[in-house]
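Let's look at how a few labels get attached to a protein model. Have the picture open as you read.

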Amino acid sequence: MNTPIGPAAFVFKHRKTGQVVVAPSERWHEYYDNKENWEHTASIDACLAIQYLINVKTKERNRYLRSLTEKI
């Protein structure tokens, strides 16, 4: 049985300014195609990510957000 996934979101970080954007599945290609300026750092299930952020403590929330913006 296939489990449906929630809406995908893609996290990008600007290489020069450090700006972070979260692009929906309809617009990810605008950032991905501009690789000289934007680095893809994570792909997430948007609904699960928001649910997680609401339920965790501040320290864990900050750790999670940092992990999304730093490419491993």
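Q: This is a predicted model. Which residues are linked into a cluster by ring pairs?
A: Phe10, Trp28 and Tyr32 are joined that way. A search of the whole structure turns up 5 aromatic pairs.

Q: Why is the pair of Phe10 and Trp28 called tilted?
A: Check the angle: their planes sit at 40 degrees, with the ring centres 5.9 Å apart. Stacked needs under 30 degrees and edge-to-face needs over 60, so what falls in between is tilted.

Q: What does the pair of Phe10 and Trp28 tie together?
A: Phe10 belongs to strand β1 (residues 8–14) and Trp28 to helix α1 (residues 28–32), so the pair ties together parts that are 18 residues apart in sequence.

Q: Is Phe10 buried or exposed, and how about Trp28?
A: The cut-off for buried is under 20%, and exposed starts over 50%. Phe10 has 17% relative accessibility, so Phe10 counts as buried. Trp28 comes out at 31%, so Trp28 is partly exposed.

Q: What makes the pair of Tyr31 and Trp38 edge-to-face?
A: The planes are 85 degrees apart, with 5.0 Å centre to centre, and the label asks for over 60 degrees. Tyr31 is buried at 18%, and Trp38 is buried at 11%.

Q: How do you know that β2 and β3 are edge strands?
A: The open sheet has 3 strands in the order β2-β1-β3, with antiparallel pairing. Both β2 (20–24) and β3 (38–45) pair on one side only.

Q: How many bridges join β1 to β3?
A: There are 7, and the two strands run antiparallel. In one of them, Val11 has Ala42 in β3 as its partner.

Notes
Residues are numbered from 1 along each chain as its sequence is written. This is a predicted model: local features need pLDDT of at least 70, side-chain atom pairs count only at pLDDT 80 or more; totals for chains, interfaces and linings use all residues. Side-chain values use heavy atoms; hydrogens and water are left out. Rings of Phe, Tyr and Trp (its six-membered ring) pair if their centres lie within 6.5 Å; planes under 30 degrees apart count as stacked, over 60 as edge-to-face and the rest as tilted. Helices (H or I, at least four residues) and strands (E, at least two) are DSSP runs, numbered from the N terminus. Buried means under 20% relative accessible area, exposed over 50%, partly exposed in between (1.4 Å probe, protein chains only). Two strands pair if DSSP finds at least two bridges between them.
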